[in-house]
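Subject: Structure handover

Hello,

Here is the structure I promised to pass on. Please open it alongside this message; my notes on what was found follow below.

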Amino acid sequence: MKIKVVAKILEANERIAQENRRIFDDAGVFVVNLMSAPGAGKTSLLEKTLSEKTDLKIGVIEGDIAGSDDAERIGRFGVPVIQINTGGACHLDANMINEVIKELPLNELNVVFIENVGNLVCPAEFKVGEDMKVMLLSITEGHDKPLKYPLMFQESSALLLNKIDLAPYLDVDINKIKRDALSLNPNIMIFEVSCKTGEGIADWVKWLSNKTEKG
Ligand SMILES: Nc1nc2c(ncn2[C@@H]2O[C@H](COP(=O)(O)OP(=O)(O)O)[C@@H](O)[C@H]2O)c(=O)[nH]1
Ligand SMILES: [Mg+2]
């Protein structure tokens, strides 16, 4: 019985996600659903990405349970940003995106980042109308995470191993993270980055720029 209810919720979500896709596609906007545990560095990655010199015209939808700190951080870059507060829900769903989609000047943008609520579980289950999912894992979270939270690694096109600057201070096996992520998803693109030092950011932005040229 419970399984049926969950299936219905996901089906309804899928329908609205497809509607969002149509709206984004009509505007020629590439959409990235950015996911991680709280504090892994999603907003920092957006700040670093916005600091790079590119042709990307970026808009951002920020998802948090409460508050507008992240939208304020992104707003400092002078790009369009919308804050969604889920009021307790642990992930964004397609309907929440649908409600704010028209508030972005989509015709002036070519990339929209959706920063999901910090959580390694539910965000991977709900499509929001994205072209791809990207996940960050801070290396401070430990090397056991891919096998403990497989879905997000399976669903993501890229994995950014963030806070690589902290590697000398940690007993974390970065090669194990990469091995396990690739065993779950052989196509996942892995970047080692630091949003503090900027290491790896240029490679990430170059890869993203190529991806967004969907014609
Ligand atoms: N040392 C280090 N700290 C980082 C890095 N990236 C983010 N942080 C810090 O981690 C904390 C959480 O970052 P934030 O971007 O807000 O994470 P979010 O919750 O995933 O959006 C902040 O104090 C950041 O300054 C990094 O690469 N290295
Ligand atoms: Mg954030």
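A residue counts as buried when its relative accessible area is under 20%, and as exposed when that area is over 50%. Phe191, at 7%, is therefore buried. Trp204 is buried too, since its relative accessibility is 0%. Please keep in mind that this is a predicted model.

Aromatic pairs

Phe191 and Trp204 also form an aromatic pair, one of 3 in the structure. Their arrangement is edge-to-face, with 6.2 Å from centre to centre and 80° between the planes. Phe191 belongs to strand E7 (residues 189-192) and Trp204 to helix H8 (residues 201-212), so this pair ties together parts that are 13 residues apart in sequence. Trp207 joins them through ring pairs, giving a cluster of Phe191, Trp204 and Trp207.

Strands

Strand E7 pairs with strand E6 in the parallel sense, over 4 bridges. Within this pairing, Leu161 has Glu192 in E7 as its bridge partner. E6 (residues 158-162) is also joined to strand E5 (residues 132-138), again running parallel, by 5 bridges. There, the partner of Leu136 is Leu160 in E6.

How many residues of E6 are buried? The count is 5 of 5, so the strand is mostly covered by the cut-off of under 20% relative accessible area. This holds on both faces: Ala158, Leu160 and Asn162 are buried on one side, and Leu159 and Leu161 on the other.

Magnesium site

Which residues supply the protein donors of the magnesium ion (ligand 2)? They are Thr43 (OG1), Asp70 (OD) and Glu115 (OE), at 2.1 to 2.2 Å from the ion. Their spacing in sequence is T-x26-D-x44-E. Asp70 sits in helix H3 (residues 69-75) and Glu115 in strand E4 (residues 111-115), so the pair ties together parts that are 45 residues apart in sequence. Both Asp70 and Glu115 are buried.

Largest pocket

Asp70 and Glu115 come up again in the largest pocket, where they are among the lining residues nearest its centre, together with Pro38, Gly39 and Lys42. The lining has 15 residues in total, and the pocket holds about 190 Å³ of space. Helices H2 (42-51) and H3 are the elements that give two or more residues to this lining. H2 contributes the largest share, with 3 residues. By class, the lining is made up of 4 nonpolar, 6 polar and 5 charged residues.

Regards

Conventions: Residues numbered from 1 in each chain as written. Chains lettered and ligands numbered in written order. Predicted model: local features only at pLDDT ≥ 70, side-chain atom pairs only at ≥ 80, totals over all residues. Heavy atoms only, no water. Donors = N, O, S within 2.8 Å, 3.2 Å for Na, K, Ca; no water. Buried < 20%, exposed > 50% of the residue type's maximum accessible area, 1.4 Å probe, protein only. 1 Å grid on protein atoms, 1.4 Å probe; cavity = no way out; pocket = protein on both sides within 12 Å on 5 of 7 lines; lining within 4 Å. Points joined across faces, edges and corners; volume = space filled by probe spheres on them. Nonpolar A, V, L, I, M, F, W, Y, C, P; charged D, E, K, R; others polar. Phe/Tyr/Trp six-rings, centres within 6.5 Å; stacked < 30°, edge-to-face > 60°. Pairing = 2+ DSSP bridges.
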